[in-house]
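Here is a short report on one structure. Look it over first, then read on.

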Protein chains: 2
Amino acid sequence: MLDRFKNHIVENFSHLGREAFVLAISGGVDSVVLAHLCASCKLDFELAHCNFHLREAESDKDEVFVRELADSLGENLHVTHFNTQDYASEHKLSIQIAARELRYAWFKELMQERNIKTLVTAHHADDNLETFLINLSRGTGIEGLTGIPEMTDSISRPLLKFSRDEVLSYAQEQKLEWREDASNQDTKYLRNNIRHTIVPRLKELHPTFLDNFLKTQEHLIDTLKINQVYLKELKERLFIVEDGQIKVATAALLNLQPTKSYLFHFFREYGFTQWEDILGLLTTNSGKEVQSPSHRLLKDREFLLLQEKTSKNDNLYEIHEGTSEIRVPFSMKIDEVNQIEKFSQKVLYLDKETLKYPLILRKREKGDYFYPLGMVGKKKLSKYFKDEKFDKFSKENQWLLCSGNKVVWVIGKRADDRFKITESTKKIVKISLV
Amino acid sequence: MLDRFKNHIVENFSHLGREAFVLAISGGVDSVVLAHLCASCKLDFELAHCNFHLREAESDKDEVFVRELADSLGENLHVTHFNTQDYASEHKLSIQIAARELRYAWFKELMQERNIKTLVTAHHADDNLETFLINLSRGTGIEGLTGIPEMTDSISRPLLKFSRDEVLSYAQEQKLEWREDASNQDTKYLRNNIRHTIVPRLKELHPTFLDNFLKTQEHLIDTLKINQVYLKELKERLFIVEDGQIKVATAALLNLQPTKSYLFHFFREYGFTQWEDILGLLTTNSGKEVQSPSHRLLKDREFLLLQEKTSKNDNLYEIHEGTSEIRVPFSMKIDEVNQIEKFSQKVLYLDKETLKYPLILRKREKGDYFYPLGMVGKKKLSKYFKDEKFDKFSKENQWLLCSGNKVVWVIGKRADDRFKITESTKKIVKISLV
């Protein structure tokens, strides 16, 4: 058994022989076997153990056990402690997900600190089969069926081709000791239920069930990769960045069948989940929109416009007297000059004495109005936007330069008459978009 | 229960109310429920029953039962008989696959005859789950996991969203009678084993396991469709038809990752299965090839050439004296003329007295040689091909016109000196490629 495992490492994980790696160890049979195997292969690695403090004294006994194991193997050991329960409550996560987040964040940190590129974990084939069945029971897509990969850029799983039984045989053959997690025996948990009541019967269906299952997952991973390449290419073609927002032609989306499935692939990364609503958006009137927690999707004539939401607080910037340049939310220079040099949409000259510092950069607010330069009287900003045919997103993206509550400049578009240079102007402020 | 089933038909299968259809009926509980349901909805349909003669007297009792059922429902019934066992042996098929082939061929025939567009079958959700698990146990790809669709252009499955238990409840509630297939109780068969020992435990994992499973399959079908669209587009771009064969640039194939998976999608329809070999072909020397039962794939410099195999017998054609035109394997005219009109690669003039009828059209054979017109002496055909830089497929595609065993014309390329027109020629035969 040891030789089979060793050969597998030599043939398929040769990179582990060339560089040091971190090995995640819980003290359970899988990671103990992995540590023993790596030590037997004389590989260069450091052990990393998390004490999640989830099973009181048992968690501490695990830690003691791992410390002794590291000593006996003569390998370097890192240990960290988590208050997993608190972290889970705080972030409203299940204990399992909380433990995973904490664990992988720490591994990452540790690897950076030690300048190590590879993490090695003890997942085996049965882990993948169990996850497959858990996801199947809840309903999933191809991603939920593909399982944990044997190798990624940063994680290697040398036991992934082996079954739980093979790992156990290795441990027994080598007379290894390990810690049993008492909860593993408890079939009231979904994974353990699957492990004990379903998996053994599935394996009886075919003499090489588990190998066939792993091949199936490889095929699904290939299909998924092909899909991802295609959808990425397609998205790059269809999603057009214009004026700081993303435009997608509705006709192009409607051309794709099944449309809803394409919408899912294109928009889920922006936090959307309302596929029926987005499908409806494609054929509805301009002005309708669907929101995700972070984004808005607006129907505007023949297009969907996609825009990131910004919170109100993000949208107020002060420019204090004497400031000569700002870079956020966009680049702008502020100078005092003696004369007007040249006019452009990007430059505005103001009579300094009319301004009240700090100037403010903000988006439109309800009731905004201004005195468009060259016109008589005031105009509601909303009316101005309408006359100039601003779409919904353009209105919301439009920055205003204000003096107190007065609009000085609809930036890059139209100045206000009240702040213009006159014959009595003494100091000229020049504002330039860069 | 009846109302739930009826509503499902009304809401999702309204087309069944508009046109007559054929309903496949075995006499088992599923198809009896379906027939009862369609009759209750007052739909217009005809029953079709296959007697496969696989279970001796039982098969005949099924038929009698179905005849009585059709009478009691007042529906038209078609019955056919198959010698399934013989058909399976003859075509080297499993009994199950033989029965399916026979069944669907007959349904198709019947529908054409009756001018009916839709076949309705009684598959339910558990059928899909069982098939999923059977394919999973054997190893499969996404196609093996997607299941039977609820609706295609020609087949509707109104029970597909219902479980086996729901169908059974319907039958009991309506006090229906049906025929039990004794083999259904026998867990030694894979499907029955899955049905009785695994499916019930899977369903315990989640209160809506079966619905979740059907949703998963819908997602997989969508993913599969997206993949198929992409691969079809890509194949149309990469597979170039040129000179009656298909060329694919190896560089383009190597660019696709995972390459082997793309090769599988592109070449499986030609009967290939040796994906490692084809992958190797991409980077090997010109002249290497991989064969499927029906096709050959040849490496030729920067390309793979794909060609259909033709059997030896297909490749011999006789041209009898007096024949003035042939159309197979290609078009050619044979005339007797009084003088040479004009020369071209497509026309050959022969001295009739040198020819031995029937002339023969064939491909090259080992040891072929000829006396190239305008050269002194004879030349091996293989040497000629080499000197003229014929690739492997071009050599094999090259037709020869022969007189007995003598090569008269390497058609369209080079004539033989022995059959040329001389001053003593009395009758001229003109052969023209059309």
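## A salt bridge inside one helix

B:E63 and B:R67 form a salt bridge, with their closest N and O atoms 3.0 Å apart. The term covers a side-chain nitrogen of Lys or Arg within 4 Å of a carboxyl oxygen of Asp or Glu. Both residues sit in helix 3 of chain B, four residues apart, so about one helical turn separates them. Helices here are DSSP runs (H or I, at least four residues), numbered from the N terminus. An α-helix has 3.6 residues a turn, so residues three or four places apart point the same way.

B:E63 is buried, at 9% relative accessible area. B:R67 is partly exposed, at 42%. Buried means under 20% relative accessible area, exposed means over 50%, and partly exposed lies in between (1.4 Å probe, protein chains only).

## How the model is described

This is a predicted model: local features need pLDDT of at least 70, side-chain atom pairs count only at pLDDT 80 or more, and totals for chains, interfaces and linings use all residues. Residues are numbered from 1 along each chain as its sequence is written, chains are lettered from A and ligands numbered from 1 in the order in which they are written, and side-chain values use heavy atoms, leaving out hydrogens and water.

## Other salt bridges

Over all chains, the structure holds 69 salt bridges. One of them joins B:R179 and B:E58, at 2.9 Å from N to O. B:R179 lies in the loop between helix 8 (164-173) and helix 9 (190-204) of chain B, and B:E58 in helix 3 (residues 57-73), so the pair ties together parts that are 121 residues apart in sequence. B:E58 is partly exposed, at 31% relative accessibility.

In chain A, A:D387 forms a salt bridge with A:K379, with the closest N and O atoms 2.8 Å apart. A:D387 is partly exposed, at 35%. A:K379 is buried, at 16%.

## Where the chains meet

Contact means heavy atoms within 4.5 Å.

## Two copies, one axis

Chain A can be laid on chain B with an RMSD of 0.8 Å, by a turn of 179° and a shift of 0.2 Å along the axis. That is the relation of a two-fold axis. The superposition is by least squares on the C-alpha atoms of residues with pLDDT of at least 70 in both copies. The same surface serves both copies: 100% of the contact residues of chain A recur in chain B.

Definitions and conventions. Helices (H or I, at least four residues) and strands (E, at least two) are DSSP runs, numbered from the N terminus.
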